[in-house]
Every structure is written in structure tokens, then in C-alpha cells.
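Me: I'm new to this one. Please walk me through it, terms included.

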Amino acid sequence: QVQLVESGGGLVQPGGSLRLSCAASGSGFRINVMGWFRQAPGKEREFVARITSVGSTYYADSVRGRFTITRDNAKNTVYLQMNTLESEDTAVYCCNADWTNILLGTAAHSWGQGTQVTVSS
């Protein structure tokens, strides 16, 4: 099983920046796609960004040009650099990963617990 732990959330003023991190731990796995979702109070969870094992990236229209997703394959860690934050970005941000059990050759999916991002003056 792969565990994901996020960090880096907090309170920031509009126009500010934050960098989220998500580290995967476990044994005998290979991470394929890693990504971020977010859920604001009273709203559905929505896709934010994802990155493949070879570095291809995809973004939601609402964050493209402001957010950047990167990953360090050696550390099994994905990052989300968030710039020019807006109040509408306030949400719990959750990391997810599609991974393969190397021994069994089976695919699986894991979610982190989430980290709160609040954009407010």
C-alpha cells in the first residue's frame, strides 16, 4: 500500500503564493501519475493538476498559468506551486497517485488526507 502525506498548506493573502508537497511512502511500488484535487466548503471535489511519470502536465482551466505541478521521482514527491492566489482557491487540497505493485503487477490508487489552503486578507 502507498501512503501519501501532504504539507505546505496555510493562510495567505490574495495575490500571495504557497507551495504544497505530497510525499509517497511504502515499498515495492512504482508511481505512475500524481495529481492534486481540491474541495471547497459546500462544493464538489474538483481536479486541479496532474503530472505523469515522464513529466507531462495537465491543469484545470481555473489554475492554468498560476499553478505549476512538478515531481521528484527519486523522492516520490509531487509539488504544487501556487501563485497569484485568489479567495476562490480556498479549499482542502488532496494529493492522489496511481501506482503499480511491482511484484503483483496490479494497479491501485491512493489519496492523501488533505491540507487546508485559505486565501484571505
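Reply: One term to start. A residue is buried under 20% relative accessible area, exposed over 50%, and partly exposed in between, using a 1.4 Å probe and protein chains only. By that scale Glu86 is partly exposed, because its relative accessible area is 34%.

Me: What should I know about the model itself?
Reply: This is a predicted model, where local features need pLDDT of at least 70 and side-chain atom pairs count only at pLDDT 80 or more, while totals for chains, interfaces and linings use all residues. Residues are numbered from 1 along each chain as its sequence is written, and side-chain values use heavy atoms, with hydrogens and water left out.

Me: How many helices and strands does the chain have?
Reply: Zero helices and 11 strands. Both are DSSP runs numbered from the N terminus: helices are H or I with at least four residues, strands are E with at least two.

Me: What about the size of the chain?
Reply: The C-alpha trace spans about 50 × 25 × 20 Å along its principal axes. The radius of gyration is 14 Å, which agrees with the value near 14 Å for a compact globule of 121 residues. That radius is taken over C-alpha atoms, and the globule rule is 2.2 Å times the number of residues to the power 0.38.

Me: How much of the chain is buried?
Reply: 41% of the 121 residues count as buried.

Me: Now the sheet. In what order do the four strands of the open sheet come?
Reply: The order is 1-3-8-7, and the pairing is antiparallel. Two strands pair if DSSP finds at least two bridges between them.

Me: Which strands stand at the edges?
Reply: Strand 1 (3-7) and strand 7 do. Each has a single partner strand, so one side of each is left without a neighbour in the sheet.

Me: How many bridges join strand 1 to strand 3?
Reply: Five, and the two strands run antiparallel. Glu6 stands opposite Cys22 in strand 3 there. Strand 7 and strand 8 also run antiparallel, joined by six bridges. Phe67 stands opposite Met82 in strand 8.

Me: Where do the side chains of strand 1 point?
Reply: They alternate. Leu4 and Glu6 point to one face and are buried.

Me: New topic: charges. How many salt bridges does the structure hold?
Reply: Five. A salt bridge is a side-chain nitrogen of Lys or Arg within 4 Å of a carboxyl oxygen of Asp or Glu.

Me: Which side chain does Asp89 meet at 2.9 Å?
Reply: Arg38, in a salt bridge with that N to O distance. The pair links distant parts of the chain, 51 residues apart: Asp89 is in the loop between strand 8 (77-82) and strand 9 (91-101), and Arg38 is in strand 4 (residues 29-39). Asp89 counts as buried at 1% relative accessibility, and Arg38 does at 5%.

Me: What does Glu86 pair with?
Reply: Arg66, in a salt bridge of 3.9 Å, N to O. Glu86 lies in the loop between strand 8 and strand 9, and Arg66 in the loop between strand 6 (57-59) and strand 7 (67-72), so the pair ties together parts 20 residues apart in sequence. Arg66 counts as buried, at 11% relative accessibility.

Me: What else does Arg66 form a salt bridge with?
Reply: Asp89, with the closest N and O atoms 2.8 Å apart.

Me: Which residues end up in one network?
Reply: Arg38, Glu46, Arg66, Glu86 and Asp89, joined by salt bridges that share partners.
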